[in-house]
Amino acid sequence: MKKNLIFFIIFFICVIFYPNFTQAKTLVVSDGCDIKITVYLAFSFLDDISWEKAQQLAGVWTNDILKIWNKPSFNYGECECPVHLSLVTKSLPKGEDCSYAKKYLPNYHCIDIVNLPINKRGNIADSTIISAQNLNSYGEWTTQTTGINAAHEIGHMLGLEGEYRRDNNGNWVNKNLQTGLTQSIMAKAWGEVTSLSEHIDKAIQLSGAEYPMPENCCGDSECKLSLKSTSTLISVFPSSLTFNDNILQKLFIINNNGEEILSWEVTSNLPEWLELSLTTGTILPGEKAKILAEAKKEEVLMGDYTSELVIKFSNEEEIRLPVFIVVEVSI
Amino acid sequence: MSQKKIIFFIIFILIGLSVIFVWKNSQKPQVEEESVRDQIFSVISDFDFSDPKSFYSISDIGDLGGEETLVVLQELIKSKSVSDRWAAIVLLPKILKNNDSFKKEVFSSLRYGLNDENDTLKMLTGAQFVSLGEKDGLPALISSLNSNETTHFGEPPELVKDRSLIYLHHYTSYDGEIFDEWQKWWDDNKEILSWNESLEIFEIK
């Protein structure tokens, strides 16, 4: 009886705290003295119009996010370690909302996109602010969300509050006025805006990571010399591959929109029914790799089959590409 | 207690619970109608300009299909309170999501917003109209290009004129930038604009 009770208590604690053990999708890691903040972000384009504009919208948002959040001057701590932000984005299969991401992409923040002037909360774009208790962010943006809007929302995904309030008449009031300087992205989403060093400090502190500095960094002059504003932005399009009796070949593209050379490799075992034209390669900054995936229908009996390609990159990022085949007439 | 008494007691409890269940269900429709009205006013009463997030609770209002909801929103769109009017402008189009039969009433109520003295509300009403394929919203969006105010509602904060231009670009295929260009475009094309259902934009016939 006593044993059962202990098991029950352990089970109960695990169930209650499970999300905190597994969810964390703004990651802070250090490589030498370089600190990298990576935001994993999935988009769910809910209707036909938003789906059609998916690539264009994701492109505008990611470009502006990286432009606003990567400053060469950003550094952290006594060693002045350079900090840069990267995004790993993914688009959910058509028709799937963020509940799909909760199930299949628990490591990603997720944003539903709607083709409406405002979302259900009356906003252009919103996302929950992450904290130690709520490490995944969910929100709803519209097809009319701008790059600056998106950059403001990424701030929330880094754990930052909005730096504005409205007075009794609804007029906007800046709570973090930068006298004589460019104003904070967390205070406003128009005109010229910038992210601030204090944002980066807070984001690193809120990430829950211990001070991610290597012990031998302090006092090493190399630390201060290695300021850089590199950013990687990898995307795979489409975000899933579905084959059927009639469609047995599909092309998918890996985009390197960052500033680093990336090598990649499909590390997962391929299912027997799938062949790829390439399983490894290198992509220059701004370039893309096209890979032909071919389903071998003769290798499977009638039914639905699901698999996943795991693509690993030289910067240690990883993208998972779900693959499906529906066979109704077997050979 | 004898076994007979225990069985009698359980049956008594079950009958009692059944009576309460039936009675509660018979009251349900009235409770639901009441609750939509109460819900709307409860949400609105918590709006606080110093806490922009207090307005997010507008999404907590559930069923918007009922006639009573329409009556409440018709009151709110004429309210002196800017927050009440904002709630009406946000919620009115949602009535049409599940119930097209109130289209005439919704548009006629929403029309008040096109002349709202608050720039944000006027611009937002214009956008709501246009997103539903009603070109009457375009002049409100075009005149909002002259506004110098920041948006009074919604995250993230923007300039009314910037947001208005984004809506105009999104819902038409014209790439004008300033008020004069848009006004001329409207004057030249207002009679020949038609709504493309599949693309959800206005096109010149």
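Predicted model: local features only at pLDDT ≥ 70, side-chain atom pairs only at ≥ 80, totals over all residues.
Let's start with one residue pair. In strand E2 of chain A, Val39(A) is the bridge partner of Thr26(A).

Strand E1, residues 26–31 of chain A, is joined to E2(A) by six bridges. The two strands run antiparallel. Together they form a hairpin, with two residues between them. Look at the turn. Gly32(A) sits there, with a positive phi of about 65°.

Now E2(A) itself. This strand covers residues 34–45 of chain A.

Take strand E4, residues 81–91 of chain A. E2(A) and E4(A) pair over nine bridges, in the parallel sense.

Then strand E5, residues 109–114 of chain A. Five bridges link E5(A) to E2(A), and the sense is parallel. Here the pair to click on is Ala42(A) with Cys110(A), the latter in E5(A). That is the neighbourhood of E2(A).

Let me step back to the whole chain. Chain A contains seven helices and 20 strands. It has 331 residues, and 41% of them are buried. What about contacts along the sequence? Take those in chain A with a separation of 6 or more. Residues 24 or more positions apart account for 68% of them.

Next, a second sheet in chain A. It is open and has five strands. The order is E13-E20-E19-E15-E17, and the pairing is mixed. Which strands lie at the edges? Strand E13, residues 241–244, and strand E17, residues 280–283, both of chain A. Each of these pairs on one side only. On average, neighbouring strands in this sheet are turned by 20° against each other, direction ignored.

One pairing in that sheet is worth a look. Strand E15, residues 262–266 of chain A, meets E17(A) over four bridges. The sense is antiparallel. Ser263(A) stands opposite Thr282(A), which is in E17(A).

On to the helices. Ten of its eleven residues are buried, so H5(A) is largely enclosed by the rest of the structure. Among the buried ones are His152(A), Glu153(A) and His156(A). Ile148(A), Ile154(A) and Met157(A) are also on that list. After the helix comes Gly159(A), with a positive phi near 100°.

What does H5(A) pack against? The crossing of H3(A) and H5(A) is right-handed.

Here is who touches whom. From H3(A), the residues include Val60(A), Trp61(A), Ile65(A), Ile68(A) and Trp69(A). Asn63(A) and Asp64(A) take part too. On the H5(A) side we have Gly147(A), Ile148(A), Ala150(A), Ala151(A) and Ile154(A). By class, the contact of H3(A) with H5(A) has nine nonpolar residues, two polar and one charged.

H5(A) also leads us to the other chain. In the contact between chains, 29 residues of chain A meet 26 residues of chain B. Which elements of chain A give two or more residues to that side? Strand E6 at 125–127, H5, and strand E8 at 164–166. The largest share comes from E8(A), with three residues. Sorted by class, the chain A side has ten nonpolar, twelve polar and seven charged residues.

Last stop, inside chain B. Compare the helix pair there. H5(B), residues 119–131, and H7(B), residues 160–171, have axes that come within 10 Å. They cross at roughly 10°. That makes H5(B) roughly parallel to H7(B).

The H5(B) side of this contact includes Met123(B), Ala127(B) and Val130(B). The H7(B) side includes Val160(B), Arg163(B), Tyr167(B) and Tyr171(B). Six of the residues in this contact are nonpolar, three are polar and two are charged.

That's the tour. Questions, please.

Terms used
Residues numbered from 1 in each chain as written. Chains lettered and ligands numbered in written order. Left-handed = near helix turned anticlockwise from the far one by under 90°. Contact = placed C-beta atoms within 7 Å. Nonpolar A, V, L, I, M, F, W, Y, C, P; charged D, E, K, R; others polar. Pairing = 2+ DSSP bridges. Axes fitted to C-alpha atoms, helices over the stretch in contact; angles between N-to-C directions. Buried ≥ 20, exposed ≤ 12 C-beta atoms within 10 Å, placed from the backbone. Parallel < 35°, antiparallel > 145°, perpendicular 65-115°, else oblique.
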